[in-house]
2 protein chains.
Amino acid sequence: MNSDVQGAFRALADPTRRQILMHLSASDMTIGDLVDQFDMTRAAVKKHLTVLEEGHLIAVEARGRERINRIEPMGLKTAMDWINYFNHFWDDRLSALQDAIDTEGRENND
Amino acid sequence: MNSDVQGAFRALADPTRRQILMHLSASDMTIGDLVDQFDMTRAAVKKHLTVLEEGHLIAVEARGRERINRIEPMGLKTAMDWINYFNHFWDDRLSALQDAIDTEGRENND
DNA sequence: TATATATGATACCTATTGGTATTATATGGA
DNA sequence: TCCATATAATACCAATAGGTATCATATATA
């Protein structure tokens, strides 16, 4: 239940980390697999993975000498829930937009 | 349609900026109003507001010598949409959990 | 007009961040 | 066992970020 909002948003703030999540959404991957997808050292990728793990956006499972990284929904849900607090802002905006469209439609029919 | 994912997530990564959004969700505020809510200088708050504006999380309206800051749904929606790409992960996780509960229930009834 | 107020802009400082290079450790296979 | 491979850990560096202090500008108001 420990929803670490800061950890989640901090992890999501870096474009490389968001790309890592995109790759992991296609399939679980080792660090080596991920390094092949980026133009940076293994150590750099590992640091990003650590930040993602701290934000509960990924989970790591040891398998022999490999470590399988996979999406962990917890952190994403934490961020999602935080943003959802503001949902009514764009709901209101969208309904206002719809109202405007409706009004415009009536005006055009004049 | 230019959805600046980086600008939005960068803005959301700082706890002070998230608190500013929380305050603005209650009511629109000037910089002065916001400074009263934090233990930092006006210049620091102004910097945060600039980052929030760049991420399209707030919009600023000049009124006399004051500038009214208000929530701008665009940036929040941009971040939300990005995260929503992963929705099926926690949907799947939740339905797997439900399956486990159902199975456990049947087993307990044995 | 003169003055207080609300804000903007910039220089500067320190801590954090994203990256590399390097060394160490553990595991799979010939 | 010996060696290649997959990863971990650490020191180090440059750039960025969050903060303050300071000065400049614009607008209410006495």
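Predicted model: local features only at pLDDT ≥ 70, side-chain atom pairs only at ≥ 80, totals over all residues.
Residues are numbered from 1 along each chain as its sequence is written, and chains are lettered from A and ligands numbered from 1 in the order in which they are written.

Chain A contains six helices and two strands, where helices (H or I, at least four residues) and strands (E, at least two) are DSSP runs numbered from the N terminus. Along the sequence, these elements of chain A follow the pattern α-α-α-α-β-β-α-α. Of the 110 residues of chain A, 28% are buried; a residue is buried if 20 or more other C-beta atoms lie within 10 Å of its own, exposed if 12 or fewer, and partly exposed in between, with C-beta atoms placed from the backbone.

Two packed helices are described by the angle between their axes and the distance between the axes. H2(A) and H4(A) pack at an angle of about 75°, and their axes are 10 Å apart; axes are lines fitted to C-alpha atoms, for helices over the stretch in contact, and angles run from 0 to 180 degrees between N-to-C directions. H2(A) and H4(A) are therefore roughly perpendicular to each other. In this packing, A:Thr16, A:Arg17 and A:Ile20 of H2(A) meet A:His48, A:Val51 and A:Leu52 of H4(A). Three nonpolar, two polar and one charged residue make up the contact of H2(A) with H4(A); Ala, Val, Leu, Ile, Met, Phe, Trp, Tyr, Cys and Pro count as nonpolar, Asp, Glu, Lys and Arg as charged, and the others, Gly among them, as polar.

Between the two protein chains, 18 residues of chain A are in contact with 18 residues of chain B, contact being defined by C-beta atoms, placed from the backbone, that lie within 7 Å. Helices H1 (5-12), H2 (15-26), H5 (73-84) and H6 (87-108) of chain A each supply at least two residues of the side of chain A that touches chain B. H5(A) provides the largest share of that side, six residues. By class, the side of chain A that touches chain B has 13 nonpolar, two polar and three charged residues.

Beyond its neighbours within four places in sequence, B:Leu52 is in contact with B:Ala11, B:Arg17, B:Ile20, B:Leu57 and B:Ile58. Helix H1(B) is largely enclosed by the rest of the structure, because six of its eight residues are buried. The cover over the buried residues of H1(B) includes H1 of chain A together with H2, H4 and H5 of chain B.

DNA strand D is surrounded by 20 residues, the closest being A:Thr30, A:Gly32, B:Thr41, B:Gly64 and B:Arg65; a residue is near a molecule or strand if its C-beta atom, placed from the backbone, lies within 6 Å of it. H4(B) gives the largest share of the surface near DNA strand D, five residues. Around DNA strand C there are likewise 20 residues, with A:Thr41, A:Gly64, A:Arg65, B:Thr30 and B:Gly32 the closest. For the surface near DNA strand C, the largest share, five residues, comes from H4(A).

How values were computed. Parallel < 35°, antiparallel > 145°, perpendicular 65-115°, else oblique.
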